[in-house]
Amino acid sequence: MAISTLARRKATTFLSSRFLYSTSKYSFSLTRGFASGSDENDVVVIGGGPGGYVAAIKAAQLGLKTTCIEKRGTLGGTCLNVGCIPSKALLHSSHMFHEAQHSFANHGVKFSSVEVDLPAMMGQKDKAVSNLTRGIEGLFKKNKVNYVKGYGKFLSPSEISVDTVEGGNSVVKGKNIIIATGSDVKGLPGITIDEKKIMSSTGALALTEIPKRLVVIGAGYIGLEMGSVWGRLGSEVTVVEFASDIVPTMDGEVRKQFQRALEKQKMKFMLNTKVVSVDATGDGVKLTLEPSAGGDQTILEADVVLVSAGRVPFTSGLGLDTIGVETDKAGRILVNERFATNVPRVHAIGDVIPGPMLAHKAEEDGVACVEFIAGKEGHVDYDMVPGVVYTHPEVAYVGKTEEQVKSLGVDYRVGKFPFLANSRAKAIDDAEGIVKVIAEKESDKILGVHIMSPNAGELIHEAVLALQYGASSEDIARTCHAHPTMSEALKEAAMATYDKPIHM
């Protein structure tokens, strides 16, 4: 039987893995108003990325005077400017080119030739980014959020000094400060990123020509997505990974199928391999490699190298030491279940605190944090945050992997259904993939769902909602799904979990 959202929140042990501080309750005036940088704000947000701008808008919607400080000069953070959005634009464009080359003829659509117009492709990406950043500025104006363009740092727990993009300086005062400065590219020892031949994802999103040989260091989300973009456009892509597996957070069975799918697209993998050094002094780049466990060294040559070894919290120059904000060994700001730091009225959200470094997680942090500040109840459950790799096929997942369930000693059942048996997937001739459902054996409560398919990132949200409300696999199986749809594969996998599927 369904229980109320409030009751579920009270029953949940909130973010048990996070460092806890004791905090006191605060009271605030909820009078809506437009705040200038010199006035005292109810809320000041440092950072205008997905967590920061969402927090600012929500605060204003709750009647709090709000200012958002963003150093980039355009809103949306890494995600919108040089991350999620431009990468998805290129993933879609490159997929269209790849389909035109390899699949259109099967559907009776033929050309004499097809070619890449890279400047036009980059132009479409840049247009999407520009439109969206302007859209956020419009939302700020609509909600009366004051927007200050500049680099902010703490003078005190209630005062932020801002070096503006115009070259001036101002002080922004706030009763509550939210640190939402996001993350930055993680570097590797001995490798200098010049954004010319040795690049971060930022440089890989702005290449002016298609490299013949691309080496990607790191087999996580970003590396595989960017490798897919340039591989589809004609690059020879080799992924070098120190660990024994790609995307370590992924379910092992799905991961193996995913790697095989990428290998069929001619992406090469060198796992259990360490990059010892990188030499970019010649025309190309020479990488010296050796087995992760040690052994004979080899040389790998490339035209461009993408360093994609993860991200680290960005707190440089914020003046956290000035006010005594505590961080962990990884540089993440320690907060309690209300997103409060050890310094009263200073909060932190998104990539700068523990938890998944994902834009949608940061957004949820931002909303919940502001709700707490406004005297309401906020809630984020990191176990319910979906992950998506936007390659083709996509991989999306939520909840626990089979390996995690095994390690907990829980008795469980697994139901699987291949898209080869899904009518919509067969009709569109795009049937590579699988749905995997993991449920607790006695109660049938769903513990995890893992999908590899076209548009898996869209399909996963039915599973997210099911986990959020403690649904069983039978609940999904007995829910009518439209036919023919890709989502029927989730229904069939749920049927396979508690009973038997119909179409296999």
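Predicted model: local features only at pLDDT ≥ 70, side-chain atom pairs only at ≥ 80, totals over all residues.

Modeller: Residues are numbered from 1 along each chain as its sequence is written, and side-chain values use heavy atoms, with hydrogens and water left out.

Biologist: Why is the pair cysteine 79 and cysteine 84 called a disulfide?

Modeller: A disulfide is a pair of cysteine sulfur atoms within 2.5 Å. The sulfur atoms of cysteine 79 and cysteine 84 are 2.4 Å apart, so the pair meets the rule. The count comes to 1 disulfide.

Biologist: What makes the disulfide of cysteine 79 and cysteine 84 left-handed?

Modeller: The torsion about its S-S bond is about -130 degrees, so it is left-handed.

Biologist: How do you know whether cysteine 79 is buried or exposed?

Modeller: Buried means under 20% relative accessible area, exposed over 50%, partly exposed in between (1.4 Å probe, protein chains only). Cysteine 79 has 16%, so it is buried. Cysteine 84 has 28%, so it is partly exposed. Cysteine 480, at 73%, is exposed.

Biologist: What makes β7 and β14 a pair?

Modeller: Strands are DSSP runs (E, at least two residues; numbered from the N terminus). Two strands pair if DSSP finds at least two bridges between them. β7 and β14 (residues 304–307) have 2 bridges and run parallel, so they pair. Methionine 199 stands opposite leucine 306 in β14.

Biologist: Why do β7 and β10 count as edges?

Modeller: The open, parallel sheet has the order β7-β14-β8-β9-β10. β7 (198–199) and β10 (268–270) each have a single partner strand, so one side of each is left without a neighbour.

Biologist: What joins β11 to β12?

Modeller: 6 bridges join them, and the two strands run antiparallel. Threonine 273 has proline 291 in β12 as its bridge partner.

Biologist: Which residues lie nearest the centre of the second largest pocket?

Modeller: His95, His98, Glu99, Gln265 and His392 do, within a lining of 40 residues. A pocket is an open set of points on a 1 Å grid over the protein atoms alone, where a 1.4 Å probe fits, with protein on both sides within 12 Å along at least five of seven lines; lining residues have an atom within 4 Å of a point.

Conventions: Helix = DSSP H or I, 4+ residues; strand = E, 2+ residues; numbered from the N terminus.
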